[in-house]
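Please look through the model below before reading on.

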Amino acid sequence: MMEALPFAGMGHNTAMVLAGTTALGIAAGTVGCFMVLRRRALVSDALSHATLPGIVIAFLVGLALGVEGRSLPLLLLGAALSGALAVACIQAITRWTRLPEDAAIGAVLSCFFGLGVVLLSVVQALPAANAAGLKGFIFGQTAAMRSGEAATLAVLALAALAGVALFFKELRLLAFDEGFARAAGWPTSRFDLGLMALVTLVTVAGLQTVGLVLIIALLITPAAAARFWTDRLGIMLLVAGLIGGLSGGIGALLSARFQNLPAGAIIVLVASCFFMASLFFAPARGLLARTLRRARLRASLGAAP
Amino acid sequence: MAMLQRLRTRNFIPPADAGVSPLSVTGLSVAYHRQLALRDVSWAAPTGGLVAVVGPNGAGKSTFLKAVLGLVPALAGTVEVYGRPLAQQRGLIGYVPQRESVDWDFPVNALDVVTMGRYGMIGWGRRITGAHKRAGMEALDRVGMADYARRQIGQLSGGQQQRVFLARALAQEARLYFMDEPLAGVDAATEQTILAVLRELEAEGRTVICVHHDLQTVAATFDHVLMLNRTLVAAGPVASMLTDANLRLAYGQRASGLSLLS
């Protein structure tokens, strides 16, 4: 069975990486749909950039506690915490001041990322610290991924998918009409927290592979591409999951074949190809279909007596 | 159906003869940024009937509705629905927001939107069943939109979109309805449909509180008015309230020509 597959002979590790990145892509595409529809795409960008100081601080905490080498769960926990803190800052600023959300996002994102970059260079200058691996979180790396890590990634991604499946109707209501949901007594801020938790889950899962700079692309690009294909939310989720999964899988394969290519960037470029193809050729809302429809309508004008 | 009953009984409706108002607002004040948008509004809605909330632009009509529903924070004041705090009575409330408040390009069809009115009865993490879709179809039928159930909402006209929003509120099967300008900018056919539905709701003993901008149609359609101009100007039965003096209080001098309405 395995021999028939195109990636046969690549070894157990590559197969694991492939499975992990595919699962990540599926989860990111699906969860990303709600961020796009709720117009929160940039919040997830702030979240991912804001994970950097958390990663470095978690590394320092591990060092102080005497943890052997770099402990991935500890680093990811730090990433999730500082990402969540950044989102809380953005929400506090937009709630209590008159600053528009995009300005709040810009300010918070750059503040956290700047802090992360400074902390990172400080840590790398420490003589005792073996901080070489930390830089991998910025642009991602799959070459160094162990099977256990890939499996963790797949589990995190599946958890995010399960969350979307379970709360599909609540997320749809929240994204479409928050005011109505609140009037009907739905705890919308808890929904939002849940949605941000799903995004955090996907972001943290993708940090190692895609890296914190580009993970936004895996969340947003498949969702944006899928919107061209359909007017049904359920189908949009499926298409976005498919595009995300294919991008993750194909990207991982390409970067395994050509050793020097960074996996995160390749995955994102594959997703961008899907986006471009959808933009032009999707039958429902693509530019080509739209042009043809208009041309046909114009022709029918001429045919009329 | 059993579950539906169970969720409904959480809300409390006193017997009709107990004289408890469906909505009682006490000392409601709302501030936007530096100034008061509403000052100290106290009012009790009559049981069963159509109430128009009227007043000039910027009088705080929508703000009143949103503050009552808890969608904008109140500076002070309490809101009770059938004698209990609003938070315990959410299941008795139906809401038609302003049409402009949502993105009509959203990937859902008319039936999806109407079914959202049933989510409270369906409950957390549960699937939408055929029974709820049938209830959604019935609501669409009541507003004459059954033929458009599978249409993506962006492909509907403004009037049709407004009817979908009304159908969603009907699907909520509420006792007390809040509607924010349901007749604003709709075509004549839609206006007739909406007015007919409002009268049906009234005949069923429900209470409808409607922000309304068009004084011309108030007397013909509504039983009561709540007249606002950043505070309560007057409230009561239409016939006695739409007086020259009240209109001048609410609208200023330029309203004197409207006195023919009363």
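1. In chain A, 49% of the 305 residues are buried. A residue counts as buried if 20 or more other C-beta atoms, placed from the backbone, lie within 10 Å of its own, as exposed if 12 or fewer do, and as partly exposed in between. This is a predicted model, in which local features need pLDDT of at least 70 and side-chain atom pairs count only at pLDDT 80 or more, while totals for chains, interfaces and linings use all residues. Residues are numbered from 1 along each chain as its sequence is written, and chains are lettered from A and ligands numbered from 1 in the order in which they are written.

2. Chain A has 14 helices and zero strands.

3. The C-alpha trace of chain A spans about 85 × 60 × 30 Å along its principal axes. Of the contacts in chain A with a separation of 6 or more, 75% are between residues 24 or more positions apart. Two residues are in contact if their C-beta atoms, placed from the backbone, lie within 7 Å.

4. Helix 7 of chain A covers residues 147–166 and reaches 29 Å from its first C-alpha to its last, close to the 28 Å expected. The expected span is 1.5 Å times one less than the number of residues.

5. Which residues of helix 7 of chain A are buried? They are Ala150(A), Leu153(A), Ala154(A), Leu156(A), Ala157(A), Ala160(A) and Leu161(A). These lie on the same side of helix 7 of chain A because they cover an arc of only 160° around the axis; the arc is that of the directions from the helix axis to the C-beta atoms. The face turned away from this buried side carries the exposed residues Gly148(A) and Ala162(A).

6. What do the buried residues of helix 7 of chain A pack against? Their partners are helix 1 (11–37) and helix 10 (188–207) of chain A. Ala157(A) touches, among others, Ala23(A), Leu24(A) and Val202(A), not counting residues up to four places away in sequence.

7. The contact between the chains takes 18 residues from chain A and 19 residues from chain B. On the side of chain A that touches chain B, helix 9 of chain A gives the most, with four residues.

Technical notes:
Helix = DSSP H or I, 4+ residues; strand = E, 2+ residues; numbered from the N terminus.
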